[in-house]
Amino acid sequence: MTNGFSTLLTTVAATYWALFLTGAVGMEPAMMATILSISSTVYLISIPVCGIVMQKVRIGGGKWGIFRPWLLAGGGIAAA
C-alpha cells in the first residue's frame, strides 16, 4: 500500500519535470525519457542501499537510537 498523497506528489513532479525538459529546455522527448528512466533506476537502487547502510552503521554508539543521527545529519545537509 502506498500513501495516495505521496504518489500524487511524485506524479505531479515527474510530469512537471517532463514538460520543463521538453518545453523550456527544448530537449527531444526520447532524450527526456532516457534521463527520467536512468534517474528512476538510480533511485530504485539507491534507496535500499541507503537503508542497509543506515541499519548497519551505528553512529554515536547507539545512544540516540539507530536513525536519529542520520536524521540530524540529513537535516543539516539539506539545510545547507
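The legends below describe close-up views of a predicted model.

**View 1. The largest pocket and the residues around it.**
The largest pocket has a volume of about 230 Å³. Its lining is made up of T10, A14, W17, L36, S39, S40 and Y43. By type, the lining residues are four nonpolar and three polar, with no charged residue among them.

**View 2. A nonpolar patch on the surface.**
Y16, W17, F20, V25, M31 and I35 make up this patch, and together they have about 590 Å² of accessible area. Both α1 and α2 contribute, each with at least two residues. In the patch the largest share belongs to α1, which supplies three residues. W17 is listed in the patch and also in the lining of the largest pocket.

**View 3. V25, in the loop between α1 and α2.**
V25 is one of the residues of the nonpolar patch. Its place in the chain is the loop that lies between α1 and α2. The relative accessible area of V25 is 45%, so this residue counts as partly exposed, a class that runs between the limits of 20% and 50%.

**View 4. I66, in the loop between α2 and α3.**
I66 is found in the loop between α2 and α3, the latter covering residues 68–79. Is I66 buried or exposed, or partly exposed? With a relative accessible area of 36%, I66 is partly exposed. How far apart are I66 and V12 in space? From C-alpha to C-alpha the separation is 33 Å, and in sequence the two are 54 residues apart.

**View 5. L72, in helix α3.**
Helix α3 contains L72. L72 is classed as exposed because its relative accessible area is 54%, and the class of exposed residues begins over 50%. Along the chain, L72 and T41 are 31 residues apart, and their C-alpha atoms are separated by 27 Å.

Key:
Residues are numbered from 1 along each chain as its sequence is written. This is a predicted model: local features need pLDDT of at least 70, side-chain atom pairs count only at pLDDT 80 or more; totals for chains, interfaces and linings use all residues. Side-chain values use heavy atoms; hydrogens and water are left out. On a 1 Å grid over the protein atoms alone, a cavity is a set of points where a 1.4 Å probe fits but cannot get out, and a pocket is an open set with protein on both sides within 12 Å along at least five of seven lines; lining residues have an atom within 4 Å of a point. Grid points are joined across faces, edges and corners, and a volume is the space filled by probe spheres set on the points. Ala, Val, Leu, Ile, Met, Phe, Trp, Tyr, Cys and Pro count as nonpolar, Asp, Glu, Lys and Arg as charged, and the others, Gly among them, as polar. Patches are made of residues with over 30% relative accessible area and no salt bridge: like charges are joined within 9 Å, nonpolar side chains (Val, Leu, Ile, Met, Phe, Trp, Tyr) within 5 Å. Accessible areas come from the Shrake-Rupley method with a 1.4 Å probe; for residues, only the protein chains shown count as cover. A salt bridge is a side-chain nitrogen of Lys or Arg within 4 Å of a carboxyl oxygen of Asp or Glu. Helices (H or I, at least four residues) and strands (E, at least two) are DSSP runs, numbered from the N terminus. Buried means under 20% relative accessible area, exposed over 50%, partly exposed in between (1.4 Å probe, protein chains only).
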